[in-house]
Amino acid sequence: MLARLLLGLLLMVSAAAAIAAELPQLPKARGEACIDSPATMRRDHPDMLKHQRDDTLRLGIRGAKASLKECVSCHSTQAADGHAVPVNDPGQFCQSCHAYAAVKPDCFECHATTPKAPMKEAAR
Amino acid sequence: MTDLSRRQVILASGAILIATPAAARQAGQPATSSQRWGLLIDTAKCGAECTICVDACKAEMGLGGHDRPRTDAQYIRKVNVRDPASGAAHSVPVMCQHCAKPACVDVCPTGASMKRADGIVLVDRHICIGCRYCMMACPYKARSFAHEEQTGQQPHLPRGKGTVEGCTLCVHRIDEGKMPACVEACASRAKGAMLFGDLNDQSSEIAQRVAREATTRIRADLGLEPAVRYQGI
């Protein structure tokens with residue numbers, strides 16, 4: 001009995017260790033501090049963004065606390081050649097955590113994944 | 001500096017060709033119906049070959065193309081018209097007319113086509129299902145459909161596959177107190193054929209010119225009351 005219990009405990013510990021080893025590795029944010037505590041951000045950022053998106057688009061309220069544009073500009077990284085790396089590239093801030101949680105964010109099918117860069121005007 | 005003294009400064013300078021829009025709203029304030037943004041386009045100043053407004057729009061909005069003009073996204077296009085009887089030819093920039101009674105909003109089954117309080121007609125692509133009823137309803141052919149997956153979007157203009165899009169009157173710039181990109185480009189690099197402003201503000205140049213001079217709205221017979229007016233056609 002005791003042996004079986006010990007075996008179970010050992011299995012649990014090793015499983016926990018395995019999970020801990022695979023925790024997502026996130027690039028460090030550029031800014032000083034996020035708009036709320038990490039625990040709140042992890043849990044509530046979809047709701048924050050959903051609330052803000054309707055206010056901005058439908059009512060024209062700008063400058064809200066939560067903003068996908070700010071997420072991207074703070075959490076995107078730069079490659080060695082100076083180009084911005086999209087936040088939904090593998091291993092980047094948004095993608096690494098969403099891959100870990102098996103959640104696919106739709107945001108970046110439409111929203112910019114890098115901060116604003118001047119675009120050259122075509123046909124001039 | 002208060003609004004009044006700012007206006008006095010602008011008036012005193014005397015050389016301002018295009019009135020700057022009213023100061024940007026305070027952050028956190030919604031758009032209100034006290035404003036009605038509109039455009040006045042003088043076709044006498046619009047050259048047939050000039051595409052500066054179209055190019056500026058594409059750059060501002062990050063519109064790439066696939067070299068397929070019939071289906072590529074276009075928020076503003078140049079339409080060259082000619083009267084067969086007299087031979088009179090005009091080149092007219094046509095974009096979303098930001099109607100007071102938009103047909104696209106009437107037919108949208110999901111509420112994605114919407115009119116903001118200040119008269120700007122937008123597509124909420126969070127709930128657009130891509131049915132394209134609005135494209136069929138619009139008499140101005142002002143809307144486009146994103147057929148392909150999009151990349152390289154500008155942060156201020158999300159756009160993606162399977163949704164309808166159209167001229168936003170550069171709402172992101174208006175909310176900052178700036179002018180639409182096409183108007184700015186036309187004023188700085190072309191002949192300044194476009195005038196942007198608040199049609200409700202009687203002291204604005206656009207409202208005064210609309211009150212003083214003869215202007216037309218294209219397909220005015222439809223009664224949609226567009227916010228875009230033309231002169232010279």
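Asp221(B) counts as exposed at 59% relative accessibility (buried is under 20% relative accessible area, exposed over 50%, partly exposed in between, with a 1.4 Å probe and protein chains only). Its salt-bridge partner is Arg219(B), with the closest N and O atoms 2.8 Å apart. Arg219(B) is partly exposed at 44%. A salt bridge here is a side-chain nitrogen of Lys or Arg within 4 Å of a carboxyl oxygen of Asp or Glu.

This is a predicted model: local features need pLDDT of at least 70, side-chain atom pairs count only at pLDDT 80 or more, and totals for chains, interfaces and linings use all residues. Residues are numbered from 1 along each chain as its sequence is written, chains are lettered from A and ligands numbered from 1 in the order in which they are written, and side-chain values use heavy atoms, without hydrogens and water.

**Salt bridges**
- The structure holds 16 salt bridges over all chains.
- Arg68(B) and Glu148(B) pair at 2.4 Å, N to O. Arg68(B) lies in the loop between helix H2 (52–61) and strand E2 (76–82) of chain B, and Glu148(B) in the loop between strands E6 (143–145) and E7 (164–166) of chain B, so the pair ties together parts 80 residues apart in sequence. Helices (H or I, at least four residues) and strands (E, at least two) are DSSP runs, numbered from the N terminus.
- Arg68(B) is partly exposed at 39%, and Glu148(B) is partly exposed at 25%.
- Glu225(B) and Lys101(B) meet at 3.2 Å, N to O. This pair links parts of the chain 124 residues apart.

**Interface of chains A and B**
- 23 residues of chain A are in contact with 33 residues of chain B (heavy atoms within 4.5 Å).
- The buried area is about 2300 Å², with 54% from carbon and sulfur atoms. It is the accessible area (1.4 Å probe) that two parts lose on being put together, summed over both.
- Leu57(A), Arg58(A) and Arg62(A) supply 27% of the area that chain A buries against chain B, more than any other three residues.
- Two salt bridges cross the interface. Asp175(B) and Arg62(A) meet in a salt bridge at 2.7 Å, N to O.

**Cysteines**
- Zero disulfides are found over all chains (cysteine sulfur atoms within 2.5 Å).
- The sulfur of Cys94(A) is 6.7 Å from the closest cysteine sulfur, in Cys71(A), too far for a bond.
- Cys94(A) is buried at 14%, whereas Cys107(A) is partly exposed at 32%.
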